[in-house]
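Thanks for making the time this morning. I would like to take you through one model slowly, and then stop for discussion.

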Amino acid sequence: MHLPEALDAFAAAEDGYRHTDNAGYLPRLFADRALALADGRMLDDAEELIDRAVELSAASGNDVELAELLLMSAEIELLLRI
């Protein structure tokens, strides 16, 4: 699967989660999409999306998920500085 197709799949998944009131899955979905963007060297978009994921996760109170997303955020931030 190529990046454009993967991004379409992420968008479809987001629509599905929102349609079924499963927004609790969005932080992880956004993080996974951010990693795909980072792999595609779309680092500014990846940074914006991981920030949204961190914000949503922090609001949910899931500390384990938040820690994982903060780690991903740091990895993307490092890529931006290379």
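Predicted model: local features only at pLDDT ≥ 70, side-chain atom pairs only at ≥ 80, totals over all residues.

Residues are numbered from 1 along each chain as its sequence is written, and side-chain values use heavy atoms, with hydrogens and water left out.

Let me start with helix 4, which runs over residues 63–81; helices here are DSSP runs of H or I with at least four residues, numbered from the N terminus. Its 19 residues reach 27 Å from the first C-alpha to the last, close to the 27 Å expected at 1.5 Å a residue, where the expected span is 1.5 Å times one less than the number of residues.

Which residues of helix 4 are buried? They are Glu 65, Leu 66, Leu 69, Met 72, Ser 73 and Ile 76, where buried means under 20% relative accessible area, exposed over 50%, and partly exposed in between, with a 1.4 Å probe and protein chains only. These residues lie on the same side of helix 4 because they cover an arc of only 125° around the axis, the arc being that of the directions from the helix axis to the C-beta atoms. An α-helix has 3.6 residues a turn, so residues three or four places apart point the same way. The buried residues of helix 4 pack against helix 2 (26–39) and helix 3 (43–60), contact meaning heavy atoms within 4.5 Å. On the other side of helix 4, Asp 63, Val 64, Leu 71, Leu 78 and Arg 81 are exposed.

Turning to the loops, Asp 21, between helix 1 (3–19) and helix 2, has a positive phi near 55° without being a glycine, and counts as exposed at 70% relative accessibility. Arg 41, in the loop between helix 2 and helix 3, likewise has a positive phi, of about 65°, although it is not a glycine, and it counts as exposed at 52% relative accessibility.

Finally, the rings. A search of the whole structure finds 1 aromatic pair, with rings pairing if their centres lie within 6.5 Å, and planes under 30 degrees apart counting as stacked, over 60 as edge-to-face and the rest as tilted. The rings of Tyr 17 and Tyr 25 have centres 5.1 Å apart and planes at 20°, so this pair is stacked.

Note on methods:
Helix = DSSP H or I, 4+ residues; strand = E, 2+ residues; numbered from the N terminus. Phe/Tyr/Trp six-rings, centres within 6.5 Å; stacked < 30°, edge-to-face > 60°.
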